[in-house]
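Q: I have a model to read. Could we take its features one at a time, with the general idea ahead of each case?

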Amino acid sequence: MATLCFQSPSKPISYFHPKSKPSPPPLLSTKLSFFRCRATVQTLVAVEPEPVFTSVKTFAPATVANLGPGFDFLGCAVDGLGDHVTLRVDPSVRAGEVLISEITGTTTKLSTNPLRNCAGIAAIATMKMLGIRSVGLSLDLHKGLPLGSGLGSSAASAAAAAVAVNEIFGGKLGKETLVLAGLESEAKVSGYHADNIAPAIMGGFVLIRNYEPLDLKPLMFPEDKELFFVLVSPEFEAPTKKMRAALPTEIPMVHHVWNSSQAAALVAAVLEGDAVMLGKALSSDKVVEPTRAPLIPGMEAVKKAALEAGAFGCTISGAGPTAVAVIDAAEKGEEIGEKMVEAFMKGGNLKSVACVKKLDKIGARLVSSISR
């Protein structure tokens, strides 16, 4: 079994008391960056399954990662935006391999090499988990999400591909296992973090309690409560690697305590369906947003405009540049979106588009299939 080793993209973050000496006491210092060496995905199915469909089409939704203070451990899926994958059993493709035959949609500049494409990497990882050695597959990717948007573009592609491979062979793997396949893709593209890929596959809000071993906790937003996301995307690209490189190497202990309390409040708000408290917590990040907002022209003005227009909260979606605000009524969300678009133009000289979306509670799913 080959081994995949990589460096976590996050810089080391040390928590220290503001009055402490330059070298903090051991108990007040936590290194979050480390060299991780882990085995590639292993075969999890005893007998190689036969394909039950000749072709499937899947969809995976966009995601909002971090949600303010939940950096790398909180995320949610949003309805109506995302990527599609069409997967076919293809006798012309070498057994056990994937061919990316076409890429359409918002961008076509992605590599068709399956080892360098998010969808291809996740598809191969899923095939390995299933132990597929006798069938070759061809894959078409339709991008509904732009690159570097802060809406989980790479995760949507990976999620749709992983689910497509699983479905074409009868759905043998559970969703949490498919998240591991998606993480193989994320690790090579933007870092080993699941706050996009987990909600893209599982839907709803997801808390990542631990990475080794992976421990995911779905957070159920009450069915009788309303929650809308106002997503405003400017014509500006914010590559994840660049935005992660901007993170601070040290933060004051007081900021660590503050962010921890806000993340806890955010989880409580989700479980209680309290959109107002959710918005307040989402707006309160004192670690990541302050370093990233200045890199997105007009972001600070956009947040101010959203709050003044009545949004319960506003922050950067993922690594940005999309801004996300929360509210409990769609019509009010439209008004807030208009003000945020105006602010991006006035404050950052950037054109932008706004949309109002609900929570996607399903995650990546089968859209259509053709039986053998």
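Q: Which residues does Glu176 touch, not counting residues up to four places away in sequence?

A: Contact means heavy atoms within 4.5 Å. By that rule, Glu176 touches Leu214, Asp215 and Leu216. This is a predicted model, in which local features need pLDDT of at least 70 and side-chain atom pairs count only at pLDDT 80 or more, while totals for chains, interfaces and linings use all residues. Residues are numbered from 1 along each chain as its sequence is written, and side-chain values use heavy atoms, with hydrogens and water left out.

Q: How many cavities of 30 Å³ or more does a search of the whole structure find?

A: Rolling a probe the size of a water molecule over the atoms shows where empty space is left. Here a cavity is a set of points, on a 1 Å grid over the protein atoms alone, where a 1.4 Å probe fits but cannot get out; lining residues have an atom within 4 Å of a point. Grid points are joined across faces, edges and corners, and a volume is the space filled by probe spheres set on the points. The search finds one cavity of 30 Å³ or more, and the largest cavity holds about 70 Å³ of space.

Q: Which residues line the largest cavity?

A: The lining consists of Asn66, Gly68, Asp285, Val288, Glu289, Arg292, Thr315, Ile316 and Gly318. Two or more of the lining residues come from each of α8 (289–292) and β12.

Q: Which residue other than glycine has a phi near 55 degrees, a positive value?

A: Leu67 does. Leu67 sits in the loop between β4 (53–65) and β5 (74–89), and is buried at 1% relative accessibility. Asn349 also has a positive phi, of about 55 degrees, although it is not a glycine; its relative accessible area is 61%, so Asn349 is exposed.

Methods: Helix = DSSP H or I, 4+ residues; strand = E, 2+ residues; numbered from the N terminus. Buried < 20%, exposed > 50% of the residue type's maximum accessible area, 1.4 Å probe, protein only. 1 Å grid on protein atoms, 1.4 Å probe; cavity = no way out; pocket = protein on both sides within 12 Å on 5 of 7 lines; lining within 4 Å.
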